[in-house]
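Welcome! Take a moment to look over the sequence and the structure, and then we will walk through them together.

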Amino acid sequence: MTSPTIVLVHGAFADASTWRHVYDHLARDGHTVLAPPNPLRGIPNDVSYVESLIDQVDGPVVLVGHSYGGAVITVAGSSDKVAGLVYVAGVVPDEGESVNDLQGRFPSLAMGPLVQPLELADGSVEISIDPARFPDVFGADLPADEAAFRAISQRPVAATAFDDPATAAAWRAKPSWAVFGTGDQPVAPELHRFSYDRAGSKVTEVDGASHLVMLSQPEIVAGVIREAVIASTASALA
């Protein structure tokens, strides 16, 4: 059996370059990796995009999602091609739940206003994070220059995206792994623990790591993904 293709789905306020350090580790091991642009237009749109990509992949897939991208892979992971799911500080809704539903149960640890809305010409609204607060809240363990660049290079997300309910919960049928930092502020560690326990995920906690754990601790994150690939390959061969 061919080793699964790894598909890395980034979260809100970010782009696929957030996976660069993780990609470097995986590529050196010979893994096939894709890091597509998540449209950030809402669950229906974003899931449709990822599903279309999965359809074009030859062979099985391990889906990896960061933050909001976790909600996307939770639905897109229902594809028969998906052999496993990896949540990297990812949100893990059940069917019918939204990101905001979960955040309401375990609120963010970040204090004060963070979000900046932008109304577009068509009347729709996008949101981003105040660049002045982004480094400390999202990437406190990153080098200052990298955190500053991530703050000013954000990709906004549709304001309604966090209210879109998941239409499926692939973790109910697929094996899953999870890795998160105990210093995560945007998604509280207690929310991660609740979600991953509910999903039956194999969990790796990274002491003190921020929400952008794949940038600050890429070797650990890549190791979790490797474990998922190896286990998913072995399961398919059994």
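Predicted model: local features only at pLDDT ≥ 70, side-chain atom pairs only at ≥ 80, totals over all residues.

Two residues are in contact when heavy atoms of theirs lie within 4.5 Å.

## A buried methionine

M214 sits in helix α8. With a relative accessible area of 0%, M214 is buried. Leaving aside neighbours within four places in sequence, M214 is in contact with T18, W19, H21, V22, H66, V88 and V221.

Now let us turn to the strands. Six of them form an open sheet with parallel pairing, in the order β2-β1-β3-β4-β8-β9. At the edges are β2 (33–34) and β9 (202–206), each of which pairs on one side only.

Strand β1 (residues 5–9) pairs with β2 in the parallel sense, over two bridges. To find this pairing on screen, look for V7, which stands opposite L34 in β2.

## Helices on the sheet

Helix α2 (residues 43–56) lies across β1, β2, β3 (61–66) and β4 (82–88), and α2 runs at about 155° to β3. Helix α7 (residues 189–199) also packs on the sheet, where α7 touches β4, β8 and β9. The direction of α7 makes about 170° with that of β8.

Which residues of α7 are buried? They are P189, L191, H192, S195, Y196 and A199. These residues cover an arc of only 155° around the axis, which puts them on the same side of α7. Their cover includes β4, α4 (99–105), β8 and β9. Just after α7 comes G200, with a positive phi of about 70°.

Helix α6 (residues 144–152) has E146, A147, R150 and A151 as its buried residues. They cover an arc of only 140° around the axis, so they lie on the same side of α6. The buried residues of α6 pack against α1 (20–28), α5 (134–138) and α8 (213–216).

What does the face turned away from the buried side of α6 carry? There you will find the exposed residues A144, D145, F149 and I152.

## Aromatic rings

A pair of aromatic rings is described by the distance of the centres and the angle of the planes. The structure holds seven aromatic pairs. One of them joins Y68 and F162 edge-to-face, at 5.8 Å centre to centre with 65° between the planes. Y68 lies in helix α3 (residues 68–76) and F162 in the loop between β7 (157–158) and β8 (176–181), so this pair ties together parts that are 94 residues apart in sequence. Both Y68 and F162 are buried.

F134 and F138 are buried. Together, F13, Y68, F134, F138 and F162 form one aromatic cluster.

## The nonpolar core

In soluble globular proteins, nonpolar side chains tend to be buried together. Here, the largest nonpolar core has 75 residues. Those with the most contacts inside this core are F13, L63, V64, Y68, V86, V88 and I225.

V64 shows how such a residue is surrounded. Leaving aside neighbours within four places in sequence, V64 is in contact with I6, V7, L8, V9, W19, I73, V86, V88 and I225.

## Two loop residues with positive phi

F13 belongs to the loop between β1 and α1. F13 has a positive phi of about 65°, although F13 is not a glycine. Is F13 buried or exposed? Its relative accessibility is 9%, so F13 counts as buried.

S67 is found in the loop between β3 and α3. S67 has a phi near 55°, a positive value in a residue other than glycine. At 12% relative accessibility, S67 counts as buried. Beyond its neighbours within four places in sequence, S67 is in contact with G11, V88, A89, G90, V91, V187 and H211.

Note on methods. Residues numbered from 1 in each chain as written. Heavy atoms only, no water. Buried < 20%, exposed > 50% of the residue type's maximum accessible area, 1.4 Å probe, protein only. Helix = DSSP H or I, 4+ residues; strand = E, 2+ residues; numbered from the N terminus. Arc of directions from axis to C-beta. Phe/Tyr/Trp six-rings, centres within 6.5 Å; stacked < 30°, edge-to-face > 60°. Core = buried A, V, L, I, M, F, W, Y, C linked by side-chain atoms within 4.5 Å. Pairing = 2+ DSSP bridges. Axes fitted to C-alpha atoms, helices over the stretch in contact; angles between N-to-C directions.
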